[in-house]
Amino acid sequence: MIQALLISIVLAQGYAPPRQGQDPLDAEREARVQRIGKLLRCAVCQGVSIADSPASMARAQLDKVRELVVEGKSDDEIFDYFVARYGEWALMEPRKSGVTLGLWVGPLLLLAIGIFLVWMNTSKNAAPAQPAVVASPETEKPAEDEYLAKVRADLEKQ
Amino acid sequence: MTPAPPPRRKTLSTRGNASVSPPPNAPRVNVVGIVVALLVIGGLVFIMARAFGTDPHSVPFMLKGKPAPAFTVKRLDQPGEVSLAQFKGRPVVLNFWATWCGPCKYEQPILDLASQTYKDVAFVGIVFEDTEANTRRYLAETGTPYIHLYDPKSTIAVDFGVSGVPETYFINREGIIVKKVIAPFNSPEEFDKEIAEILQ
């Protein structure tokens, strides 16, 4: 037993793990740290937020968020800090202002245009004054005959 | 089909002809539609042309041309503290490294040599995400000749916008970050080329 312990201690020399993460703050502030961390991109793992990533870089960045929270910085000030160093790239959600506002508004705008076009077309087709002109002759034939017959009959009356 | 009735009214004649000749609105060009389509396609081509050829994984470096963030931390190789301000007026080469980082160890001899060559330049190593014991042991083994600092929470690294290790920052005499190199140096010549800019 002691031998095994000694061997493991000897083997662990030089393989000591990198430092442990900072202790979490009190529940309320830590919740804020985690919420902000979810919205910041980890610089090495790229697709993952710093709150979700186990990478040392993410841990360092999350520690920085803790430090800024302790300093009493606002959410926007913390995001600004990371944008100043890693660019807008650091934000998991693009900002709702400037050029990136288009990313938020664009899809809604396209949906609105789509609904408008559909509405335009349906209301046009529904109007009785304009029957389908492009309909094939086969389907048009009986309607045409009926229509023409009625028109002729009306003209005869005059 | 029954033959078309005599064209007593204009509307009747067009209706009658519709089944024989193409619909009358077919050759009309939808100018607005084409312009909108061209704008949309043009916009997409512009975005793609800009994005092609750039590495989507590269982390933007925003501090180029900005003053280097100040720091004061504990020195590892000797007792005492070191702050960036004390190198004012001298070019500074700031290298972020860790003992768990293979490429950092690989470039260490090149930085050691460079620190002997460029006596006027302050060479500073900052430990990233590592324990003090690990780094002390490593430094004792290798005996690197320049200053090494211990940054317990890696705050300096995040302040500088580090995206991984090794990363080397070149700071000029005015304390402005001129550039950073995000790969290990493979040869002294490679390092000489990079440092030239901050020596003036």
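## Close-up views of chain B

**View 1. Strand S5(B) and its neighbours.** Strand S1 (residues 72-75) of chain B pairs with S5(B) in the antiparallel sense, over two bridges; strands count as paired if DSSP finds at least two bridges between them. Helices (H or I, at least four residues) and strands (E, at least two) are DSSP runs, numbered from the N terminus. This is a predicted model, in which local features need pLDDT of at least 70 and side-chain atom pairs count only at pLDDT 80 or more, while totals for chains, interfaces and linings use all residues. Residues are numbered from 1 along each chain as its sequence is written, chains are lettered from A and ligands numbered from 1 in the order in which they are written, and side-chain values use heavy atoms, with hydrogens and water left out. Look for Tyr150(B) in S5(B), the bridge partner of Lys74(B). Strand S4 (residues 122-127) of chain B pairs with S5(B) in the parallel sense over four bridges, and here Gly125(B) has His148(B) as its bridge partner.

**View 2. The two sides of S5(B).** In a regular strand the side chains alternate between the two faces of the sheet. From S5 (residues 147-150) of chain B, Ile147(B) and Leu149(B) point one way and His148(B) and Tyr150(B) the other, and all are buried (under 20% relative accessible area; exposed means over 50%, partly exposed in between, with a 1.4 Å probe and protein chains only).

**View 3. The whole sheet.** Seven strands of chain B form an open sheet with mixed pairing, in the order S2-S1-S5-S4-S3-S6-S7. Its edge strands are S2 (81-83) and S7 of chain B, each pairing on one side only. Further along, S3(B) and S6(B) pair in the antiparallel sense over five bridges, and Val92(B) stands opposite Ile171(B) in S6(B).

**View 4. Helix H6(B) and its buried face.** Which residues of H6(B) are buried? They are Phe191(B), Ile195(B) and Ile198(B). Seen down the axis of H6(B), these buried residues fall within an arc of 30°, so they line one face of the helix; the arc is that of the directions from the helix axis to the C-beta atoms. The face turned away from this buried side carries the exposed residues Glu189(B) and Lys193(B). What covers the buried residues includes strand S3 (92-97), helix H3 (102-117), S4, strand S6 (167-171) and strand S7 (177-181) of chain B, where contact means heavy atoms within 4.5 Å.
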